[in-house]
Number of protein chains: 2
Amino acid sequence: MVTRLSHFFLRTLREDPSDAEVASHRWLVRAGYIRRQAPGIFAWLPLGLRVKAKIETIIREEMTNAGAYEVHFPALLPREPYEVTGRWEEYGDGIFRLKDRKDADYLLAPTHEEVFTLLVKDLYNSYKDLPLSIYQIQDKYRDEARPRAGLLRGREFTMKDAYSFDYTDAGLDASYMSQRDAYERIFQRLGLEYVIVQADAGAMGGSRSEEFLHPTPIGEDTFVRSAGGYAANVEAFTTVVPEPIPFDGLAETVIFDSPNTPTIQTLVDHANAVLSAPEGGDFTAADTLKNVVLALTHLDGTRELVIVGLPGDRDVDDKRVEVAFAPAEVEQATPEDFERNPLLVKGYIGPWSETGAILGEESATGIRYLLDPRVVDGTSWITGANIDQMHVHSLVAGRDFTADGYVEVSTVRAGDPAPDGSGPVELARGMEIGHVFQLGRKYAEALGLKVLDENGKLVTVTMGSYGIGVTRILAIIAELNNDEKGLIWPASVAPFDVHIVAAGRDAVVFDVAEALSAELEAAGLDVLYDDRPKVSPGVKFGDAEIVGVPKIVIVGRAAAEGQVELWDRRTGDREVVPVAEVAQRLRAR
Amino acid sequence: MVTRLSHFFLRTLREDPSDAEVASHRWLVRAGYIRRQAPGIFAWLPLGLRVKAKIETIIREEMTNAGAYEVHFPALLPREPYEVTGRWEEYGDGIFRLKDRKDADYLLAPTHEEVFTLLVKDLYNSYKDLPLSIYQIQDKYRDEARPRAGLLRGREFTMKDAYSFDYTDAGLDASYMSQRDAYERIFQRLGLEYVIVQADAGAMGGSRSEEFLHPTPIGEDTFVRSAGGYAANVEAFTTVVPEPIPFDGLAETVIFDSPNTPTIQTLVDHANAVLSAPEGGDFTAADTLKNVVLALTHLDGTRELVIVGLPGDRDVDDKRVEVAFAPAEVEQATPEDFERNPLLVKGYIGPWSETGAILGEESATGIRYLLDPRVVDGTSWITGANIDQMHVHSLVAGRDFTADGYVEVSTVRAGDPAPDGSGPVELARGMEIGHVFQLGRKYAEALGLKVLDENGKLVTVTMGSYGIGVTRILAIIAELNNDEKGLIWPASVAPFDVHIVAAGRDAVVFDVAEALSAELEAAGLDVLYDDRPKVSPGVKFGDAEIVGVPKIVIVGRAAAEGQVELWDRRTGDREVVPVAEVAQRLRAR
């Protein structure tokens, strides 16, 4: 059909919105696709809704191809099922909760595992009913602490969430691969390059989990990959653990004065000045054992201090910490924490003291002590002596100190070996565009979803969960497809197939543009026709550039001679062609 | 495409759901279209979602034909705009309110006038931008006190709400008629008979307002209509006021003993025993003036008693009362109210007493006294004397008592004259299926939506608001289209175009059914194919009946001879036809 700009609900803006931090936010607002209603909450204008509908159509088609059926759940759901699985509490401040007039608790659902599980439990009871994959495209809510970057991290957003139900692990694998394949087709159709990386199942609590990341330097996520094909996000990366070293012949622990050395760098400089390194070289940060004090806040509100020991050339990675200690919330220990634990001497903390173990459950402080997996038995360290201005050296793991466990929280570096032996990894950045999980039996167990198997025995169902953020994808496409003039949509999701500009005041311009619009409409194209009678060509061109339909036809003075211009928004190329050839040329591209 | 029942997510139920009060609720649950999540909150299963999508498509097409553009607002909106228009308070307990993590107030929007107004204010500023009509199809929330009847009165529901913006009254009239015409086309396409009735704009606060009602004896709304073409819902009906009667020659007021006559009937019986009626006949209830004590609770929480005087042969109509006193909430006066106002003698209340006015602002009680418009000056009444066991007769309106105003709260009766002079009205019942309002300048005024007119002068925009309850319409169609076996959809909204049943165990049955499915798919039909290998024909027929696709093809034993049966779900007719003719026959219907 033909949509006329003279009546269309659109106003482009000359100025960037003051709160726009990223290109997609800036251009989607300026080009009239979305408008902010509250922090992280947007209204969709006609142009935005058209692009969103195109993305949804592609997703629906591929879900159908994957044998999934569409359902639709309400956003407003009762507390009970989320209470059963523990997520009512786990979500903390991250969800919107409310009460109805009868004081019953509800939430605006951030994700729907529980109610999909209950729905299948309600309808199905036999292995013959399985496998089943069902999905919805639905508006979800999360009360983000810092909604930002426009649609990239909003508080209301549209998701496609699919769930699979099987009664065998092999069945789950097949359902998982079917959704994973569908995701590949979806991102190919959307023109979005992707890398599939191993991910941590995190709070969703499952087994196999992969993310689809779009690799881009402006991505907010870091992932690692090896030339040999390994790819994982940093949260899921696992350290290759070195072989332990025999204690025989290792030097004895020595305590030494180390005035004014509360940092790794000052400690290394001091050690090189007063000690001699075992192999005759210099000490480096890698020879020191850094002890980081973290404060966990558990779901029940209790606060626990934990100390992590890691090589001094590494830091604690915030995202890896978050995943390692979830669902507890983690922060750095505060001055008050140190005051309450006078045995901890800031800048000089270590796992050993002359008077006995100071860390670990069997220790004077009772504080849990967790180690980076690289700190294997027999490794020898320079670390704090738990006395102000004092350190120890030749402190040997397994001989002089032990830990309560190991934890994967150190930063990952380029050159670290991939856990699958495929060589050293490099670091790259990307944006998450999809996520596939094997949930396993966690939700089915909690909510009692069982079916009768071939032998008439009740077995617990195993599930998968598969998500694509529709509005997030839209923003990412906008983020990747723009220039200094405005948006440039890929044809598969452009709000219109072609944008016709009547550029001039002569009647023939409008006559030709009108006829061309009708012809292209008849050819099945969705036409945006800039028929505004009193708007200058310059303003119309500017609007065409900002709106970003990839194919533009300029009908100008040469229309009288049957000539128009084809304008490629992406390359900027303009080409004069006979108006009679336009339909064919647009189809051919 | 072809959807196979062997994999489709569907389970029909043999039993009615225990909470189903109405046929639509019963069948939509039993046939696997919806599932309850919480009171008045439902999930949509694949069948239900298909019907809903068809209704939405029809609405979208007619909105586009009416020149309206689609937008989409979030359900979660900030308090501020609703505060400005006063609706944050007016909605009382009827909306869901919540706070975000920063303690800011939000609501789940029950309707979107405010934010549409602000959006247009944000984008437009000139008369040249108008007229504009924009709409959304969106999930809304109301915290109904008694959610019931399944989708008919839910707490989450899908609405199409459109809003028009004009700068002249004539423009508003044109926009209004354009939407009204679109509604007529929508209901015609949905196969829903309708009556357009005058409605009270009520809480929306506008001028012209009409409802589309589907006339049906099972409707929850009462409306009136005359043979001459008048139609209104009872809330909007206005009384034809009789001419006043001169006071000359009217009898003097007389107070009389009337023991044990606290009701109209006992009073009439007593009057006929002790008094003689003026025209020699008997007194009837119409000769008495009934005084009803109502308690209003205003928005600010204050409670006010109001007394309404009306002819004794009429009652106060709850819906008319609600509209007349909105936004105050109204209930009958309680025993406590009478205790606090000892001058009110229950059963013997009247507007007059021997010691002076007892009702009205200038009276001893200070209670407002409002009259039915029929109580014109010069009418003479038997009514309470404000003394226990005493009444008065020949009490003349305008001579012996006056009121603080008139109010339209009496019941409407068949035979009452239509206000437009088109004759007596009859009463009928219907279900509301759409509503069109002229809001006027109320919202634009409150929120500052002005544009420059032709003379460069700022003028306030005038608006219309137009709503169709999508999920409600779906339920109404289901309510009107079912029998003792299940649902029977009109073809325009049926979840599938045709339902093919492979009825038998022979391979030829499945081969023919398979080939027919493919043929009908190729012909552009949406096919539901019951290919379940081990399910008996009887169960398949039962499922076909409950699901309610109007056209069914039974592929049975005669398939070997190229014969199948066409089964019309509505009429029950079955006809044997050659399988080669099925496509053509289905198209021809």
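Reader: How does chain A superpose on chain B?
Author: A rotation of 180° with 0.1 Å of shift along its axis does it, at RMSD 0.1 Å.

Reader: Ground rules before we go on?
Author: This is a predicted model: local features need pLDDT of at least 70, side-chain atom pairs count only at pLDDT 80 or more, and totals for chains, interfaces and linings use all residues. Residues are numbered from 1 along each chain as its sequence is written, chains are lettered from A and ligands numbered from 1 in the order written, and side-chain values use heavy atoms, with hydrogens and water left out.

Reader: Which residue of chain A comes closest to the rotation axis?
Author: A:Leu98, at 2.7 Å by its C-alpha.

Reader: And through what surface do the copies meet?
Author: The same one, because 100% of the interface residues of chain A are also interface residues in chain B.

Reader: Switching topic. Which residues touch the most other members of the largest nonpolar core?
Author: A:Phe165, B:Phe9, B:Tyr33, B:Ile55, B:Phe187 and B:Trp489, out of 93 residues. A second, separate core has 92 residues, including A:Leu528 and B:Val120. A core here is a set of buried Ala, Val, Leu, Ile, Met, Phe, Trp, Tyr and Cys residues joined through side-chain atoms within 4.5 Å. Buried means under 20% relative accessible area, exposed over 50%, partly exposed in between (1.4 Å probe, protein chains only).

Reader: Where is A:Tyr176 found?
Author: In helix α6 of chain A, residues 169-189. Helices (H or I, at least four residues) and strands (E, at least two) are DSSP runs, numbered from the N terminus.

Reader: Is A:Tyr176 buried or exposed?
Author: Buried, with a relative accessible area of 0%.

Reader: What does A:Tyr176 touch?
Author: Not counting residues up to four places away in sequence, A:Arg208, A:Ser209, A:Glu210, A:Val436, A:Phe437, A:Gln438 and A:Tyr466. Contact means heavy atoms within 4.5 Å.

Reader: How far apart are A:Tyr176 and A:Glu252?
Author: 76 residues in sequence, and 54 Å in space, C-alpha to C-alpha.

Note on methods
Least-squares fit on C-alpha atoms with pLDDT ≥ 70 in both.
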